[in-house]
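Subject: Structure handover

Hello,

Here is the structure we talked about, with its sequence. My notes on what was found in it follow below.

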Amino acid sequence: MIRRPVIIQKDMAKEEHPIALLVQEASQYESQVYIEVDNKKINAKSIMGMMSLQLEKGLNITVVSDGNDEEAAASGVENFLAAHA
């Protein structure tokens with residue numbers, strides 16, 4: 001299991017469908033992928049779950065991945081959220 005603290009750098013308000021793109025990123029991996037924020041642990045592959053979070057630039061979160069490709073999953077989601085846009 002990998003746990004990575006991430007500060008969101010992507011301007012989620014400027015993206016047309018940022019949550020859908022985040023779910024697409026997480027869904028391409030076999031591993032389980034979660035976003036933890038404020039005592040909530042949400043499945044990053046769940047569009048409804050992710051929409052329940054108020055993800056915005058500057059927010060501190062933790063990306064958690066567990067499975068065969070956990071390193072790639074953690075890196076992919078981290079890179080998506082940390083990209084300047």
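A residue is called buried here when its relative accessible area is under 20%, exposed when it is over 50%, and partly exposed in between. Please keep in mind that this is a predicted model.

Strand E1

Strand E1 covers residues 2-7, and its side chains alternate. E1 runs antiparallel to E4, and 6 bridges join the two strands. Within this pairing, Val6 stands opposite Ile61 of E4.

Salt bridges

The whole structure has 3 salt bridges.

One of the salt bridges joins Glu36 and Arg3, with 2.8 Å between the closest N and O atoms. Glu36 belongs to strand E2 and Arg3 to strand E1, so this pair ties together parts that are 33 residues apart in sequence. Glu36 counts as buried because its relative accessibility is 18%, whereas Arg3, at 48%, is partly exposed.

Arg4 forms a salt bridge with Glu71, where the closest N and O atoms are 2.2 Å apart. Since Arg4 lies in strand E1 and Glu71 in helix H3, the pair ties together parts 67 residues apart in sequence. Arg4 also forms a salt bridge with Glu78, with the closest N and O atoms 2.9 Å apart. That pair links distant parts of the chain, with Arg4 in strand E1 and Glu78 in helix H3, 74 residues apart. Arg4 is buried at 18% relative accessibility, while Glu71 is partly exposed at 43% and Glu78 is partly exposed at 22%.

Surroundings of Glu36

Which residues does Glu36 touch, leaving aside its neighbours within four places in sequence? They are Arg3, Lys41, Ile61, Thr62 and Val64. Glu36 and Val63 are 27 residues apart in sequence, and their C-alpha atoms are 6.5 Å apart in space.

Helix H1 spans residues 18-27, and its buried residues are Pro18, Ile19, Leu22, Val23, Glu25 and Ala26. These residues lie on the same side of H1, because they cover an arc of only 160 degrees around the axis. They pack against strand E2 (32-37), helix H2 (47-51) and helix H3 (70-82).

The largest nonpolar core has 22 residues, and those touching the most other members are Ile35, Met50, Leu55, Ile61, Val77 and Leu81. At least two residues of this core come from each of H1, E2, strand E4 (60-66) and H3. In soluble globular proteins, nonpolar side chains tend to be buried together. Not counting residues up to four places away in sequence, Met50 touches Ile19, Leu22, Val23, Ile35, Ile42, Asn43, Ala44 and Leu55.

A loop residue

Ser46 sits in the loop between strand E3 (40-43) and H2. Is Ser46 buried or partly exposed? Ser46 is partly exposed, with a relative accessible area of 25%. The C-alpha atoms of Ser46 and Tyr34 are 9.4 Å apart, and the two residues are separated by 12 residues along the chain.

Regards

Definitions and conventions:
Residues numbered from 1 in each chain as written. Predicted model: local features only at pLDDT ≥ 70, side-chain atom pairs only at ≥ 80, totals over all residues. Heavy atoms only, no water. Buried < 20%, exposed > 50% of the residue type's maximum accessible area, 1.4 Å probe, protein only. Helix = DSSP H or I, 4+ residues; strand = E, 2+ residues; numbered from the N terminus. Arc of directions from axis to C-beta. Contact = heavy atoms within 4.5 Å. Core = buried A, V, L, I, M, F, W, Y, C linked by side-chain atoms within 4.5 Å. Pairing = 2+ DSSP bridges. Salt bridge = Lys/Arg side-chain N within 4 Å of Asp/Glu carboxyl O.
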